[in-house]
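This report treats the pockets, cavities, helix packing, domains and backbone features of one structure. The sequence and coordinates are shown first.

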Amino acid sequence: MKEIRGKIYGVSGPTVIASGMSNAVMNTVCLVGRQGLLGEIIRIREDRAILQVYEDTGGLTVGEEVVSYGRPLSVTLGPGLLTNIVDGIQRPLLKIKEASGGFIGKGVKAEALEMDRVWEFRPVKKPGDHVEPGAIIGEVPETERITHRVMAPPGVSGVIKDIISGNATGRAPVCVLEDGTEIGLYQQWPVRLQRPFKAKLPPEVPFKTGQRVFDTLLPVAEGGTAIVPGGFGTGKTVVEQTIAKYATCDIVIYVGCGERGNEMSEILTDFPTLKDPATGLPLSLRTVIVVNTSNMPVAAREASIFTGITIAEYYRDMGYSVALLADSISRWAEALREISSRLEEMPGEEGFPPYLATQLGGFYERSGKVKCLGPDERTGSITVISAVSPPGGDFSEPVTQASLRFAGALWALDPDLAYRRHFPAVNWLVSFSLYQTELLDWYSREISPDMLRLRARLFELLQKQSELREIIQIIGVEALQEADRLTLEVANIASEAFLKQSIFNEADAFNTFEKQFWMLKVLFAYMDNASAALKRGVYIETILDSPLRTRVLRMQNTPNDGFGKNAEGLINEIESEFSTVEEK
Amino acid sequence: MDLITREYRTITSITGPLIFAEKVKGGGLGEMCVVRMAGGEIRRGQILQLLGDRAIVQVLQGTSGIDAEAASVLPTGETARAGVSMDMFGRVFNGFGDPIDGLPPIIPEKHLEIAGLPMNPASREKPDFFVQTGISAIDGLNTLVRGQKLPIFSGAGLPAKELALQIVRQSKVSEAADFCVILGAMGITAREAFFFRKALQETGSSERTVAFVNQASDPTIERLFTPRIALAAAEYLAFEKGYHVMVVLTDMTAYCEALREIGSAREEIPGRRSYPGYMYTDLASIYERAGRLKGQKGSITMMPILTMPDDDITHPIPDLTGYITEGQIVLSRALHRKGVYPPIDVLPCLSRLMNLGIGKGKTRDGHRTLADALYSAYARGIDVRRLVTIVGEEGLTELDRKYLSFSEEFEKRFIGQGDEDRSIDATLDLGLELLKIVPERELTLRARKG
Ligand SMILES: Nc1ncnc2c1ncn2[C@@H]1O[C@H](COP(=O)(O)OP(=O)(O)OP(=O)(O)O)[C@@H](O)[C@H]1O
Ligand SMILES: [Mg+2]
C-alpha cells in the first residue's frame, strides 16, 4: 500500500476532515499535522477522509498535512505486555512519564513495547519441525507468574529452518522457516479484527470471583460475559477491582475506559505488592492495564476497549484463562456518540448512533472459551465483565439495554443498598445468570451435591424475605406470625452475613467455594434448628436472644482456611443448644 | 505571518455568543482571536471549529453590539493562557484573569495554558492524607483526603456556601502553613460575591486566597473559562510552588448552563435534558485536575458546589458530576427545615477515597468499622421512621424503637453540630457513644475503640 498525502480541511473536536485522500482505506491510520498526531479513518466521502484523532487536536490548522500509510490501527503483541500500563492506543504511560513528567504532553511519542529488551527464549521446536498457525515454537519467562508462549502467527506455517535459543530481542527473528518466513517475539494485530481460533466451546466451568453473591447466586462461566450496571457510587469499580484482585484466572486485562485517574493510581500502587490468593505472587505479574481516563482524548477512549480485548485474545491464544474487566462500557459508548455527533450523523436513541448495538456486539462477542489455533488442543478463554454507567441510574437507557442482549449474567447494582453500605450492592431480585443451568453439574461434582439444594433454599429464602418486607410495610413486624418473623430474621442474616461482603476485611474479602458452601450449611442449620425449637414452643425472643445468632451473623469474619472445621463445630453447637433450650 | 492579511472582515452570521466567519486562514483549533468592532472596541474570541476557510468563533464578552458588516476577526496565534505568579495571593480576578479588585495587573512569572494537560495516570500519587474538616458527617463518615475531588450537592437556598467556607476555615487549621485556597465562582450573584469576599477576609484567609469571580451579570462564556483559569493557577501553586491547594468551584450548575447555551447556539444534537452529549467529558476535563503527583509536594483538592435543579439528584448535572468525582456530600432540605446544620443527608453521601485516609496512624483503628456500623444503624432507623408513619409506634418491636431513637440522636448530635469545629477524636467518640443505643449483638463487626 502506498502513501497517501492529503491536507486538513476541517477540525471539530476530536475529528479531522482531510481532503485529497482519494484511495484512502477505511480504518487505516494517518499521521495528522505538524506534530504527527495519530488518527484513524472512520468515514470516506469522495476524496475526503474523516478521521478520529487519538491525541488532543488543539492548535491544528487547515492546510496541515495528513499522511496515510495504509496500515490499520494495531497493537504490538509480545513479551513485556504484563505489568505494563498503556493508554487507549497502547502508548506506554510509564515511558511517557519519564519523557514528560506529571502531565501527558502534546504529541509525545513512545514505542508500545521495548524492542531492545532482552528476553530468554527457550525453543520447544527444532529445525525440521513443521509448524502451523498458532503452534507454540518457544517460551519466554515473561514474569515469575506467566510463561509467554511464542506462537506462529495466524496465516504462518511451514518447516523450521532455523530457531534460536537464549537471548532474544524484538530486533531479530527467533525462528526462520524454509520458505524464508520469519517469526519474531512480537507481532502486530489490528485491534478491530478478532483473532482466529479453531472453535468456540460451551461454558461449563464457573469463573471464580471469590465473591459469594456472584459465585453462589449469580455465576458467570469461564468465557462468559457479565455486565454490572449501576448509578454512580453503587460499587461497579470496586466489583471490577475486587475481581481483578481475587479471581482465579491466569491473566487480567483491566481497561479503565473514561474513568478516574486516582482509581488507576490505586491499582498501580497496590498490585505490585498485593498477592494473588492462588499463587501468592504479586498481582501485577498477571495484569495488563489499559487506561484512558475521562480527561484523556476521547477517540483513544473509544479505541481502548479494542486494544484491551486484542491483548486478551493474544493471551487466550496461548491457552490462558483471561479476565477482561472494562470500566465503563458506557464511557466507550459516549465516546462513540461524541464522535458521531461531530460527523453530524442522524442520531438514534438518546443521541447514540444507530450502530451502537452492532459495535457493542462486536466487542462482547470476542469473549468466549475456545479451542486455540495450533496442533495441541489447548483451550483458552476470555471472560468479559463490564461496568455500565446508566444516566440517572435508569437501566432502560440504550447502553444498558444493548449490553443486556450480549450478557449472560446481569449483576444489577442498587443505590438503596449502596446507601446503607450493603456491598456489593447487588439487587438479587433483578439480577440473573443464564449460566446457572450449565454450571450446576460442576457445582454438584466439584463442591457437593448438597450445594444445589442449599442454593435453591437461599433463593427461596430471599424471595420470601421480599414478600415479608412488603407485608411489614402494611401491618408492622409485631403483627407477623412467629414463624414468619423467624424466617425474616434468618433472611436478614443471609443478606448481612452472606450476600454482603466487605473488601476491607481480610477474611471476608475473598472466599473459596468451600467456605461459601459451609456458610450456607451453617445458615440453614440455624434456620432448621431454630424453627424446630419454635415449633416445640420456645419463645421467639429466647431464640433470637441466643448468642448463636450473633455468631452466625459474624461467621464471614472467619478465614477460608479451616472454615469447614469451624462450621461443623458451630453446627453442632446450634443443634445441641436448640434441642435443649427450655420451652415456654 | 503579516497581521493585515490575517484580519478578516468576513463575518457571515452571529448566533448567541458565536460568530461564523469566512476566509479565515491560519487559525488553529482553540486559538484566541481578537474581535475588532466598528468603534475600535476590542473583544476576545476563541476558535471552536474549522471547516475549509470558515471558522466558528466564540466571543468571550458576548456578541451584543457586534456589527457583522464592520467587525473583523484576527487570530492571534496564541492558545488561551493566563499569567500566574505568587502575587496572585489576596487578589480578585474575573474569569479571564483580569483583576477586578481595583489593583493593577500582576506581573506574571509564567503564562500557562488554561485548558491544562491531562495528568498521566501513571504519574499520580495515591491520595491518602487525611484532611480534618472538623465536620463529623465528613470526617467520621465520608473522610476527605488531599488530592480528592469531593463536591457538595446542594439545593436552592440550602447552606452550601456556608458549609464550604466552614470547611475551608477549619481545614486551614489542620493543614497549616502550605495551605491555600482558590475560589472559582461562576454566575454568582453580587450578594454571594460579597459574602465570599467578606467571609474569606474574616477568617484571615484572604492573603492565602486567590479568587476568580464571574458574576451572574457577566458574560456567559466567561463561565467556561473561570474554572479552568482557577485550576491553571492551582496547578502552578501546587506543582510548582508546593502548596496544598483547596479549590472551591461554585456554582457548577451555572457552568453547565453556559455549556448548554453554547451547544444550542452551535445547533448541536442535545443529550439528556438538552445538555450537550459531551458534558461528561467536558466536566471531567475540570474535575480530573484534582490530584497529587509522584515526587511532588503539593496537591489539588477540589470542592465543587452545585445546585441540584428541583433537588433532583438524577438531573444530568449532579449525575455526571457524581460519575466523575470521588464521592459527594449531599445536603437535605428536610434536615434544613428541621434546623439541623450542616444539613448533610449522609445516606447518599460518599467518599470513595476515605479508606485510604483513615485507620491506625491516620485517624484511629476501627474507624471503618465504626463508620459502617453508624451507616447501617442510621439506614435502619430511617426505615423504621417510614414504617411508623404507616403502622404507628405500636407496630414496632423493642429493637425497632431503639433504632428509631438512634437515628433521632444521630441527626441531632452527630450531624447537627452547628458551628463547632470538631476534632476527629471527638467525632469518633461521639459515634461510639451513640452506637450504644443499639444492642452490641446486632453488629456484624464489633465497633471498638483503638
Ligand atoms: N464490596 C465493598 N465493600 C466495601 N465498600 C464498598 C464495596 N463496594 C463499594 N464500596 C464503597 O462504595 C464506593 C463506591 O464504589 P465504586 O467507586 O466502585 O462506585 P462506582 O459504581 O464505580 O461509581 P462510578 O460509576 O461513579 O464510578 C467505594 O468507594 C467504597 O467506599
Ligand atoms: Mg467507578
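## Second largest pocket

In the second largest pocket, β6(A) provides the largest share of the lining, four residues. The model is predicted, so local features need pLDDT of at least 70 and side-chain atom pairs pLDDT 80 or more, while totals for chains, interfaces and linings use all residues. Residues are numbered from 1 along each chain as its sequence is written, chains are lettered from A and ligands numbered from 1 in the order in which they are written, and side-chain values use heavy atoms, with hydrogens and water left out.

At least two lining residues come from each of β3 (28-32), β6 (65-72) and β7 (74-77) of chain A; helices (H or I, at least four residues) and strands (E, at least two) are DSSP runs numbered from the N terminus. The pocket has a volume of about 680 Å³ and is lined by 24 residues, with Leu38(A), Ser74(A), Ile89(A), Ala110(A) and Gln188(A) nearest its centre. On a 1 Å grid over the protein atoms alone, a pocket is an open set of points with protein on both sides within 12 Å along at least five of seven lines, a cavity is a set where a 1.4 Å probe fits but cannot get out, and lining residues have an atom within 4 Å of a point. Grid points are joined across faces, edges and corners, and a volume is the space filled by probe spheres set on the points. By class, the pocket lining has 14 nonpolar, five polar and five charged residues (Ala, Val, Leu, Ile, Met, Phe, Trp, Tyr, Cys and Pro count as nonpolar, Asp, Glu, Lys and Arg as charged, and the others, Gly among them, as polar).

## Cavities

Nine cavities of 30 Å³ or more are present in the structure. The largest cavity has a volume of about 1,400 Å³ and a lining of 47 residues, of which Asp56(A), Ala115(B), Arg228(B), Asp282(B) and Ser285(B) lie nearest its centre. Two or more lining residues are given by α6 (329-342) of chain A and by β4 (42-51), α4 (220-239), α5 (252-265) and α6 (279-287) of chain B. The lining comprises 21 nonpolar, 15 polar and eleven charged residues.

The second largest cavity contains about 210 Å³ of space. Its lining numbers 20 residues, and Glu334(A), Arg337(A), Pro391(A), Arg272(B) and Leu320(B) are the closest to its centre. At least two residues each come from α6 of chain A and from α6 and α7 (316-324) of chain B, and α7(B) supplies the largest share, four residues. By class, ten are nonpolar, three polar and seven charged.

## Helix packing in chain A

Helices α14 (residues 513-536) and α17 (residues 563-580) of chain A pack with their axes 9 Å apart, at an angle of about 0 degrees. Axes are lines fitted to C-alpha atoms, for helices over the stretch in contact, and angles run from 0 to 180 degrees between N-to-C directions. This angle makes α14(A) roughly parallel to α17(A), the term for angles under 35 degrees.

The contact (heavy atoms within 4.5 Å) includes Trp518(A), Val522(A) and Tyr526(A) of α14(A), and Phe563(A), Leu570(A) and Ile574(A) of α17(A). By class, this contact has 13 nonpolar, four polar and five charged residues.

## Domains

Chain A is assigned domain 1 (4-72), domain 2 (116-185), domain 3 (199-439) and domain 4 (448-580); such bounds come from an automatic or database domain assignment. The C-alpha centres of domains 2 and 3 of chain A are 32 Å apart, and their contact takes 16 residues from domain 2 and 19 residues from domain 3.

Chain B is divided into domain 1 (3-79), domain 2 (82-357) and domain 3 (361-449). Over C-alpha atoms, the centres of domain 1 and domain 3 of chain B are separated by 60 Å.

## Backbone features

Most residues other than glycine have a negative phi, and most peptide bonds are trans. In chain A, the peptide bond from Asp327(A) to Ser328(A) is cis, with omega near 5 degrees; Ser328(A) is placed in the loop between β22 (321-327) and α6 of chain A. In chain B, the bond from Thr250(B) to Asp251(B) is cis, with omega near 0 degrees, and Asp251(B) is in the loop between β13 (244-250) and α5 of chain B.

Glu377(A) has a positive phi, near 60 degrees, and is found in the loop between β23 (368-371) and β24 (379-388) of chain A. Phi of Asp310(B) is also positive, near 60 degrees; Asp310(B) lies in the loop between β15 (299-307) and α7 of chain B.

Technical notes: Parallel < 35°, antiparallel > 145°, perpendicular 65-115°, else oblique.
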